[in-house]
Amino acid sequence: MTITAPAEPQTATDAAGFPAWFTHDRFGMFIHWGLYALPARHEWVKNRERITDADYQKYFDHFDPDLFDAADWARRAREAGMKYVVLTTKHHEGFCLWDSKLTDYKSTNTPFGRDIVREFVDAIRAEGLRVGFYHSLIDWHHPDFTVDGVHPRRDDSPEEIEAFDQGRDMSRYREYLHGQVEELLTDYGQVDYLFYDFSYRDNDHEDIWGGKGRDDWGSEELMALTKRLQPGIIVNDRLDIPGDLVTPEQYQPDKPMEVDGAPVPWEACQTLNGSWGYDRDNVNLKPVDLLVRMLVDGVSNNGNMLLNIGPTGRGEFDGVSRQTLDGIGTWMHQHARSVYGAGPSSFVAPRNTVYTQNGNRLYLHLFAWPFEHVHLPDLAGKVAYAQLLNDASELHFREIPPGTRAQNTGLGGQPAGTLTLTLPIVRPDV
Ligand code: JFZ
C-alpha cells in the first residue's frame, strides 16, 4: 500500500555510523564448512563424541571436495536474494580454510590443496555480494588451547585434564588467533563483516562450566586490530565485549532489539535443520514458507536473517538445500521490495500478519489467507493506493473514517478508522 501518512524515518541505526548496507540488505547466507562435513553428523561431532586429534585425522586425510565451486555457491546465494555471505574460515575444530602461514592444519595441506577462502571471496565479489568471515575463537586442535567447559576433554578426570593442559599456554594461542585474523583481514581484500564465535564465561557458574572470554581472546585488542585493518567492517557481539550488532542464535526476537534503550541492529542466524555443519541424516527441515515468514518477521522487527547452508564433503550444497534456496529465491523475485530497505512500521498489524515499511510503502504480509476481507485498524484515510505485490494488481478497499459509527458501514462492526481490503478469494499462486 502507498500510504499518505508522512514517511517514517528509516531505521535509526545509520545515525550511529553503522554501515547502512547491513540494515538495508537484511538477508545473508551463512556457510558452515570444514572437516566435519565428512563425518556429516553436526559440526560439534569432535566434541560430542569426544574424538581425539588422532581419530579426527582421517577427515583431514580424506578432505577432497571435488565438486567445490565457489561460483556456484555465490550464484545460488544471489539467486535466493541474499546480499552477503559469511563463511567459516575456521570453526571450533581448528581446521583452516585458507593458506595460513601459522599452521599446517589447513585446506592447502589436504589432498584438496586449495585456498578455499581465496576462491570464496573472489566468487562472492564477482556476484556483487558482500564478504563475511566467521572465525572461531574456540580451537580444539591448537596445542596451546586449554580444556574448559565446551572442550571435548571436559569430562576427563582432573588428573587427565591437568596432564592435557600441561605446557599449554593461552597467551600463545591468543597470538595465533590475532595473527590469523591479521592474515584474513590483510590478504583477502575488503571484508565487510566479521562474526567471531564465541565467548562462554558464566561468572555465576565458573566452577562448573569454566569458560573463556575477553581476557582469553584479548578481545579489546582483537577488536581494535579488526577495525584498523578493515575500517568499514561490522563486528558481531560474541567477543565478550560490545559489538556493532547483536546476534540472537536460532531465535527470532518478537520486537525491535535495544541496548541501553537505543535501537540496535540485529541478525538472527538460523539453520535449515538445526545443524550448522552438513548433517546427512537430519531431515527436520524448515519449509520455505516458514523461512520466508522468519525473514519477514525479522524485518518487521528491524532485524536481518543469516540463513545457514552446510555444504557436503564433496563441496556442494545438497539437494534439499538447493531446493530450499530456489523456493526462497522464487518468493524474493516478486517480494524483495518488502525486504530490502524495509523495516518496522508504527502501524499495528492484525493477527497473523506483519507489516514492513519502506518510506511511504507499507507492506502487509499475510501468513494465513483470509476469506475475502482483511480489516486493518487505523489505516482509514491514510492509504492512497493498494495492490498485490506479486503482480501489481489493484486491490479495492473501503474505509470507516475515524469518528464514524461503525454499525452503519456494513463492514462487520469494525471500529472507526478501519480500512478493509478486498482480496481474491483464492491466494495468488506466488
Ligand atoms: C555457535 C557454534 O558453536 C555453532 O557451531 C555455530 O557455529 C553457531 C553459529 O555458533 O553456537 C552458539 C554460539 C552462541 C550461543 C549459542 C550457540 N549463545 O550465545 O547462545
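Helices H11 and H12 are oblique to each other, a label for angles that are not under 35 degrees (roughly parallel), over 145 (roughly antiparallel) or 65 to 115 (roughly perpendicular). This is a predicted model, where local features need pLDDT of at least 70, side-chain atom pairs count only at pLDDT 80 or more, and totals for chains, interfaces and linings use all residues. Residues are numbered from 1 along each chain as its sequence is written, and side-chain values use heavy atoms, leaving out hydrogens and water.

Let's stay with the helices for a moment. H11 (residues 288–300) and H12 (residues 319–335) pack at about 55 degrees with axes 9 Å apart, and their crossing is right-handed. Helices here are DSSP runs (H or I, at least four residues), and axes are lines fitted to C-alpha atoms over the stretch in contact, with angles from 0 to 180 degrees between N-to-C directions. A crossing is right-handed if the near helix is turned clockwise from the far one by less than a right angle.

Now look at H7 (residues 170–186) and H10 (residues 219–229), whose axes come within 10 Å and cross at roughly 15 degrees. That makes H7 roughly parallel to H10, and this crossing is right-handed.

Next, the ligand. Residues around it (a heavy atom within 4 Å) include Phe30, Trp44, His91 and Tyr134. Polar contacts are pairs of N or O atoms within 3.5 Å. Ligand oxygen atoms lie 2.6 Å from a side-chain N or O atom of Glu43, 2.7 Å from a polar side-chain atom of Asp197 and 3.3 Å from one of Arg238.

Conventions
A polar contact is a pair of N or O atoms within 3.5 Å; within protein, one must be able to donate a hydrogen and the other to accept it, and residues adjacent in sequence count only if both atoms are side-chain atoms. Helices (H or I, at least four residues) and strands (E, at least two) are DSSP runs, numbered from the N terminus.
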